[in-house]
Amino acid sequence: MDIDRFHECAQAYGALRRRWPESAHALFDRFATSEEGQAILAEAERVDHFLDAWQADRSEAPTALEQAIIARANGMHPNRQIRARHAWWSTAAIILLGFALGFSQARREPAPDPIAQMIFGPTVQRGVGL
Amino acid sequence: MDPSDDEDIDRALMAAVARQDARAYATLVRRHLAWALRFVGRMVGARPDAEDVVQTGFLRVWQGAARWEPDARFRTWFYRVLYNLCMDHFRAHGVPTDALDDTLLDDRPSNEDQLFARQRSERVRQALAALPVRQRAALVLRYYEERSQAEAAGLLGVSEGALESLLSRGRAALKKNIGDLLH
């Protein structure tokens with residue numbers, strides 16, 4: 001642990017002790033107050049100041065983004081997908097059932113009309129094809 | 001709040017998210033969206049790109065919660081997810097991501113002696129954006145995000161010594177390029 005190592009750390013981590021790895025804190029404490037150490041830290045501090053000038057966008061994350069993220073996942077909810085799959089099968093089943101009923105109804109002989117029977121009688125009605 | 005309490009909350013939320021609990025997921029998003037956006041913003045630069053990356057990152061959380069190992073801190077794990085997505089983003093845009101060698105920055109002379117804070121900030125952003133991706137990532141993680149040496153090295157997949165080297169070279173490149181602004 002010497003001043004060269006102190007210099008290397010300052011070049012990598014800057015002038016603040018908290019940014020140095022814990023394993024190098026003792027090294028920092030040993031040289032930080034020396035004249036040579038002060039000069040090294042002052043040099044590192046200039047780069048720190050430059051880096052500090054970057055004002056990251058600290059504004060709140062937009063609510064719209066938050067909602068979009070949540071909605072996007074919700075749209076992929078497995079339960080919802082299962083429900084959607086069930087809905088598809090249900091619709092298909094209803095349509096098929098409808099066709100089947102319609103087809104069987106069309107083939108069935110029509111029921112005799114009670115009013116025609118009353119006027120023409122059962123035989124005549126069959127004869128006129130009602 | 002004690003950091004371990006914070007971790008416990010994340011752990012519980014992730015367990016619920018693994019069961020596809022949408023409310024827990026919403027809470028997790030609210031807890032971590034701000035820093036995730038800040039970190040990715042520092043990495044990729046443009047806000048719309050950062051928002052896309054973060055959205056994809058959270059989707060990975062939703063889809064991968066069941067595979068998440070509870071012994072890992074959520075934040076550390078999510079940093080890695082976001083970092084990997086940033087790398088994907090760079091590759092998709094033709095930015096080399098594995099260059100470890102020093103790249104000199106564009107050394108346009110600056111004649112601006114009195115820069116406003118926003119201009120200065122923009123200059124730093126540009127200077128960092130001109131660094132090789134891994135040097136930039138090392139600086140963002142260690143300097144801005146203040147991740148520990150071990151955590152940052154783990155995220156980047158390098159040894160702690162290699163991380164120190166990335167940091168040194170990154171800072172040296174900045175110093176060389178922006179000497180006129182260092183006063």
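A salt bridge is taken here as a side-chain nitrogen of Lys or Arg within 4 Å of a carboxyl oxygen of Asp or Glu, and by this rule 19 salt bridges are counted over all chains. The model is a predicted one, in which local features need pLDDT of at least 70 and side-chain atom pairs count only at pLDDT 80 or more, while totals for chains, interfaces and linings use all residues. Side-chain values use heavy atoms, with hydrogens and water left out, residues are numbered from 1 along each chain as its sequence is written, and chains are lettered from A, and ligands numbered from 1, in the order in which they are written.

One of the salt bridges links Glu146(B) to Arg19(A), with an N to O distance of 3.3 Å. This pair joins two chains, because Glu146(B) lies in the loop between helix H6 (133-144) and helix H7 (149-156) of chain B, whereas Arg19(A) lies in the loop between helix H1 (3-13) and helix H2 (25-31) of chain A (helices are DSSP runs of H or I, at least four residues, numbered from the N terminus). Arg19(A), at 9% relative accessibility, is buried, while Glu146(B), at 39%, is partly exposed (buried means under 20% relative accessible area, exposed over 50%, and partly exposed in between, with a 1.4 Å probe and protein chains only).

Within helix H3 (residues 47-64) of chain B, Glu51(B) and Arg47(B) stand 4 residues apart, about one helical turn, and their side chains form a salt bridge of 3.2 Å, N to O. Glu51(B) is partly exposed at 21% relative accessibility, and Arg47(B) is partly exposed at 24%.
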